Structures are given as structure tokens and as C-alpha cells.
Amino acid sequence: METFKNVIWIVNIFSSLGIIILVLMQHGKGADTGASFGGSGSAQGVFGSGGNANFLSRMTSLFAVIFFSSCLALGYIHSRTYGKGGMDFSDVKQSAPQTQPVQHSAPAPAQIPAPAANGASAAK
């Protein structure tokens, strides 16, 4: 199962790189198609007349389908491997936090004298 998962990871990585390269090769709607290949007629020689955008668009769609399929496959494999309980943190070792004595640099506030019981002032 691990070998199959590694193969899907490799397919996923190569398809994502393919999408990045194909998207960067494409031009916007108003861009001149022939300018990217060094002249006005060379784009027609490589992809045929008007075939540049069509070829790159179809290849991008193909790589996108492969990428999303591999992502779904990885998600499915992960859910089957680890079950539906979510993440498992049972093997994580926890240590007690280290406590250090806190030293206060500010002086303690002055204590206010309590009022006398009979209502008389405490400062006689």
C-alpha cells in the first residue's frame, strides 16, 4: 500500500509541475501567438494554424484532471489508512512544563489600613 501511495504522490507532483509550466507557456487573449516563437510564421509550423492555444488548453485540462484525481486518491487512501477518527496523537510524548521562579522587579503595592470597627478613624 505504501508503494502505491508513493506512486500517487509522484504522479501528483509531476502533474502539478506540468500545470504550472503549461499555464506559464500560455498567453492572454490579446497576446500575439507568433511572437513567443521568434516570428510571425513559426507558431503555425509548430502547432498548426491556431493550434497553439488549443493544444496548450487541452494539455492543461488533461494535467488538471490527473492532478485532481491523484489528490482525491490520496485523500481516499488516507481516510482508509487512519480511519474516521481524525488524527491520532496517541504516540506523542508529552513532558511536564518546566517552571522557573518569577522575579518581580516592581515593589509590592502599599497596604491600605482597614477601617476601625466603631466607625472612628484609624489615624488617631
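Author: Let's start with a general idea: helices and strands are DSSP runs, numbered from the N terminus. Keep in mind that this is a predicted model.

Reader: What does the UniProt record list as "transmembrane region"?

Author: The unreviewed UniProt entry lists residues 7-25 and 55-77 under that name. In the model, residues 7-25 are 100% helix, with 27 Å between the end C-alpha atoms. Residues 55-77 are also 100% helix, and there the end C-alpha atoms lie 33 Å apart.

Reader: How do I read burial, and how much of the protein chain counts as buried?

Author: A residue is buried when its relative accessible area is under 20%, exposed when over 50%, and partly exposed in between. Of the 124 residues in the protein chain, 13% count as buried. The accessible surface of the chain comes to about 10600 Å², and carbon and sulfur atoms hold 62% of that.

Reader: Which residues form a nonpolar patch on the surface?

Author: Trp9, Ile10, Ile13, Phe14, Leu17, Ile20 and Leu24 do, and together they have about 760 Å² of accessible area. Take two of these residues as examples. Leucine 17 sits in helix 1, which spans residues 2-25, and counts as partly exposed because its relative accessibility is 42%. Isoleucine 10 is also placed in helix 1; with a relative accessible area of 47%, this isoleucine is partly exposed too.

Reader: How far apart are isoleucine 10 and serine 70, in sequence and in space?

Author: They are 60 residues apart in sequence, and 9.4 Å apart in space from C-alpha to C-alpha. For the chain as a whole, consider the contacts with a separation of 6 or more: 75% of them are between residues 24 or more positions apart.

Reader: How many salt bridges does a search of the whole structure find?

Author: The search finds 1. In that salt bridge the side chains of glutamate 2 and lysine 5 meet, at 3.8 Å from N to O. Both residues lie in helix 1, 3 residues apart, which is about one turn of the helix.

Reader: Is lysine 5 buried or exposed?

Author: Lysine 5 counts as buried, because its relative accessibility is 18% and the cut-off for buried is under 20%.

Definitions and conventions
Residues numbered from 1 in each chain as written. Predicted model: local features only at pLDDT ≥ 70, side-chain atom pairs only at ≥ 80, totals over all residues. Heavy atoms only, no water. Patch = residues over 30% accessible without salt bridge, like charges linked within 9 Å, V, L, I, M, F, W, Y side chains within 5 Å. Areas by Shrake-Rupley, 256 points an atom, 1.4 Å probe, with all protein chains shown as cover. Salt bridge = Lys/Arg side-chain N within 4 Å of Asp/Glu carboxyl O. Helix = DSSP H or I, 4+ residues; strand = E, 2+ residues; numbered from the N terminus. Buried < 20%, exposed > 50% of the residue type's maximum accessible area, 1.4 Å probe, protein only. Contact = heavy atoms within 4.5 Å. UniProt positions renumbered as here; feature names shortened; annotations may be inferred.
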